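Q: I would like to learn how to read the pairing of strands in a sheet, and the packing around it. Could you take me through one example?

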Amino acid sequence: MTGVLEVAGRRIEVSRGDKAMYPAEGITKADVVEHYRAVAEVMVPHLRGKPLTLRRYPDGIDAGGFFQKEASRHFPDWVPVAEVPQRGKQDSVHHVVVDDPAVLLYLANQACLEFHIGLSRVDDLERPRLVVVDLDPPEGTGTPEVRRAVRTIARRFRDAGLDPHVQTTGGKGFHVVAPLRARRDFEQVRAAVRELVEAAAEAEPDRLTTEQRKDKRGDRIFLDINRNAYGQTMIAPYSLRARPGAPAATPIDPGELSRVEPRSYGLANLARRLARKADPWAGIDEARGSDFGAR
């Protein structure tokens, strides 16, 4: 199965569209490309200007995939690439930057299922535009307990002068994210968010933890701040996940939290959701943001 898409003035030929990407569900590469075509209008603004890490699955999720930071040499010259210096090394990584829907769909046709974005922009790599806490519950934790933890972190964000935004991860938990003014560097922001989550864990030590070692977390929800560092990434809004059922990371309104699961949305229903509901994170990258991290 093949097809040709005309997108943003580019011609993209979908190759091997009948290739099974999610074999158990019968979801093909053509279905994946169609998902990204359907969400491109709301997804691309969240990708624009940020270094991208790809997670590609040439033979579907059952065959395993790989993370890719360095842009492939065969990518066409109209795919933007940004040079990102590596800390402690002499060389740089050349990351793809998705600035329009054509690039997004080209990458989907390259069997990219997951899109992971940096927290800073390529024109100011040292200062993040977003801060994120990833709430990672252990297996068996009920969703009501995870929702309670999300509300706790969102409240602490607000108390710190941040504007919390929540998204499902398509995995086990949720992200709480807030826009920044990009006046502080990663070290300052990371120190501030570490203080925030440690205070939350100290207030509820039986429910929350900042313990890095899994074998010491017990049945507590891990408040993960590791993404708040130079060169690290978070899953992009509306990106699929390489998990059974083809779930997707999905921004939600605060009022939706009480009824949404971490895998409530995905390839099967996300386009339908967006047809009736605006992006809850629209404009987050243009928001005034906070000076969080100031010393």
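Q: How many bridges join strand 11 to strand 12, and do they run parallel or antiparallel?

A: Strands of a sheet pair through backbone hydrogen bonds, either parallel or antiparallel. Here strand 11 and strand 12 run antiparallel and are joined by four bridges, where pairing requires that DSSP finds at least two bridges between two strands, and strands (E, at least two residues) and helices (H or I, at least four) are DSSP runs numbered from the N terminus. Q167 stands opposite H175 in strand 12, and in the hairpin, with five residues between the strands, G170 takes a positive phi near 75 degrees. The model is predicted, so that local features need pLDDT of at least 70 and side-chain atom pairs count only at pLDDT 80 or more, while totals for chains, interfaces and linings use all residues. Residues are numbered from 1 along each chain as its sequence is written, and side-chain values use heavy atoms, leaving out hydrogens and water.

Q: Which strand does strand 11 join through three bridges?

A: Strand 11 is joined to strand 16 by three bridges, and the two run antiparallel; V166 has I252 as its bridge partner in strand 16.

Q: What is the strand order of the open sheet?

A: The six strands follow the order 13-14-10-12-11-16, with mixed pairing, and the edge strands, each pairing on one side only, are strand 13 (208–209) and strand 16 (250–252).

Q: Are the residues that point either way from strand 11 buried or exposed?

A: H165 and Q167 point one way, V166 and T168 the other, and all are buried, meaning under 20% relative accessible area with a 1.4 Å probe and protein chains only (exposed is over 50%, partly exposed in between).
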